[in-house]
Amino acid sequence: MEITNPKHKKMIDDLLEACRINLPAYNSVLIKKAFALAYQAHKNDFRASGEPYFYHPYQVALIVANEIPLDDVSVVSALLHDVVEDTDISLDFIDKEFNKVIAEIVDGVTKIGGVFKGQEITQAENYRKMLLSMVKDVRVILVKFADRLHNMRTLDFIPPNKQRRIAKETLEIYAPFANRFGLGQVKWELEDLSFKYLNKEAYNELARKVKSKRKEREAYLNNFIGPIAEKLLEHGLKFEIGGRAKHLYSIYKKMIKLNTTFENIYDLFAVRIILENDDPNECYYVLGIINQLYKAIQDRFKDYISIPKKNNYQSIHNTVIGPGGRLIEIQIRTRKMHEIAERGVAAHWKYKESIHTKDQDLEEWVNWIRDVFQNASKDEATQEILASFKLNLYQDEIYVFTPKGDLKRLPINSTPVDFAFEIHSKVGYQCIGAKVNGKIVPLDTKLNSGDQLEIITSKNQHPNKNWLRFVQTHKAKQNIRKYLKKEEDKAVEAGKEIWEKKLKKAKKVFDADDFNKLVRKLKFENYQQFYKAVIDEKINPDEIINQTEDKSEKDDGQDLSFDKFANIARSSAGGVVVEGDHKGFEYKYAKCCNPIPGDPIIGFVIIGEGIKIHRKDCKNLISMAQNSPEKLVTANWPRGNGTYFVAGLSIKGEDAPGILNDISNSITSFKNTNIKSININANDSLFYGTIAVLVNDLDHLNRLIERLKKNKFIYSVERFDAESSN
Ligand code: MN
């Protein structure tokens, strides 16, 4: 596209000239192409002022080239910054005609503009952070600042209510944002322009007063600085000295703060001396020189070098009486202190809010970008640095809005469920759906910065295990887990209750071991799962109790083995008495039936081994006796003369308080029965054990058993024998 219109030719020449002066290198073909495209795209549009719309992107490009020069890509992006939003040119087209980087910058600028539409600015700090989170390329911010600056410079033509809204947004978001980026000049101008539209009267009055004194002030300043500079040179110091009138908005702020008039603001201009050597002592040396030249006001002296401000700001503030008796504030600092002072703006965030972990990065980055600005024309490598440079600040965060326009900060990839829990745990618990920018979306939708969300709740909704698969915030995860845990605890508790009731009803005893074995056998990971399965009716407790009856009876983990008990019982009974021909013969107890005192017994002769004592009902014995009845011999436990024999009781029940005492009382109070040993284990609210007692006969033992069974906490009492052991 050839530019033929002479007026346009002049415009493009001016722009290219600005690039030539301010940029280290530039592609004039690319800039011309962007110029032509912007002109074509906006051809039929006009600004509120009545001038062609195209003037706006052109002026923005000029601002970029002249006032915040970085590179030609920024200039091209500035020319194209409004075409995607306002015309039918697409990002794809820009990508194709120019390149991906330019398309991305244009996209970024467009998106930033969209964030604030229809939003009441209530949390300016968050908005500024949101801007950072959205911006991937530093040039997006530069173009946006230039865009805002030009809009502010031409704000006259739009309706007053809109002027105020834009001015407020500029003052609260863009100006501090610019300051944060080390763009001091842009910051001052944005502030002053905002001030102009927010408080026209005060602005005009101040502007008039300042203007009327400008020449006088400049002359005065030179007059004041001259002698100082001379002395410093004499002392061989390397320094920079400058004085500048304060900007209108900062004068205004000071007037409000001190509640005074313009005439009474003593430091309308401050003088700053920056010493190149990194030696704080030089600052005091210079202070001494100044105090010899001008009379200092004692109570206005501040030494922030020996006692730095909280944000590490270091400088000497000294107020002296200048020519004509006017007060002038002088700041004295080293270059290093000066740099820290500029970074101190970054520290502002650090100290105000603790949520930032990226401030270090941001500070480094702000320093870097300032270097780039300051050295743009010198640094040939800027282009290369920039090409590899991507902003990655706050890229792990997004900023979204409530329906009322409140801003919420969330981790990247957050979903409506995260947002709901961010509002309130109750909203999270009852979250059933969400609208993002007015459209209903699934709960696992990933949110983007700038989205506006509305959460739909229902009293019948509850957190879902699946939510854990997509939520991002700690808050959401914690709340969902808490809820699920509570629900599970409830189910486990209810399942346990049912299980224990059924056990009790069936008079079954399960100790911890039995229960663990059962849980493992049924392939549950833990007992909670088992109880939950009871509640969910995945298993039938009645069936399980019936099936495990025998096992439970046999496998009760009693400490006292039957063999051991049998030995004690037999020896304490005094062995057996073999009658008839075999009286006095060697005898042994048969392993197959293991008789103990009280059991009806009989002996069986085995050639070469002696006599084996069996129970009379031993199946083994009965079959042997059928073939050789002649080998049977009569045997008895010694009895009849008031002697006792040891009997074992196997006892199970609930571990109620005082149960052991109850048992021993029940036994000893019955016919003065003696307890030989007692062995009780409690586990999981149950107890089981063996008790060896001295009884006269089986009848004595059986009545004792009946008596113990009457205790409601005792589930079972049986004679301890080989059957109930092992
Ligand atoms: Mn614009």
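**Close-up views of a predicted model**

View 1. Ser-77 counts as buried, with a relative accessibility of 1%, and the residue is found in helix α4 of what is a predicted model. Leaving aside residues up to four places away in sequence, the contacts of Ser-77 are with Ile-102, Ile-105, Val-106 and Val-143.

**View 2. The manganese site.** Four residues coordinate the manganese ion, namely His-56 and His-81, each through NE2, together with Asp-82 and Asp-147, each through an OD atom, at 2.1 to 2.4 Å. Along the sequence, these donor residues follow the spacing H-x24-H-D-x64-D. Because His-56 belongs to helix α3 (residues 55–66) while Asp-82 sits in the loop between α4 (72–80) and α5 (83–86), this pair ties together parts that are 26 residues apart in sequence. His-56 is buried at 1% relative accessibility, and Asp-82, at 8% relative accessibility, is likewise classed as buried.

**View 3. The second largest pocket.** The volume of the second largest pocket is about 750 Å³. Its lining comprises 28 residues, of which Tyr-53, Asp-147, Asn-151, Lys-162 and Ile-166 are the closest to the centre of the pocket; Asp-147 is also one of the residues that coordinate the manganese ion. At least two lining residues come from each of the helices α5, α7 (100–115), α9 (138–153) and α10 (160–180), and α10 gives the most, with five residues. Divided by class, the lining of this pocket consists of ten nonpolar, seven polar and eleven charged residues.

**View 4. Cysteines in a structure with zero disulfides.** A disulfide is a covalent bond between the sulfur atoms of two cysteines, and the structure holds zero of them. For Cys-592, the closest cysteine sulfur is that of Cys-618, at 3.6 Å, and this separation is too far for a bond, since a disulfide is counted for a pair of cysteine sulfur atoms within 2.5 Å. Cys-592 is partly exposed, having a relative accessible area of 43%, whereas Cys-283, with a relative accessible area of 0%, is buried.

Terms used: Residues numbered from 1 in each chain as written. Predicted model: local features only at pLDDT ≥ 70, side-chain atom pairs only at ≥ 80, totals over all residues. Heavy atoms only, no water. Donors = N, O, S within 2.8 Å, 3.2 Å for Na, K, Ca; no water. Helix = DSSP H or I, 4+ residues; strand = E, 2+ residues; numbered from the N terminus. Buried < 20%, exposed > 50% of the residue type's maximum accessible area, 1.4 Å probe, protein only. 1 Å grid on protein atoms, 1.4 Å probe; cavity = no way out; pocket = protein on both sides within 12 Å on 5 of 7 lines; lining within 4 Å. Points joined across faces, edges and corners; volume = space filled by probe spheres on them. Nonpolar A, V, L, I, M, F, W, Y, C, P; charged D, E, K, R; others polar. Contact = heavy atoms within 4.5 Å.
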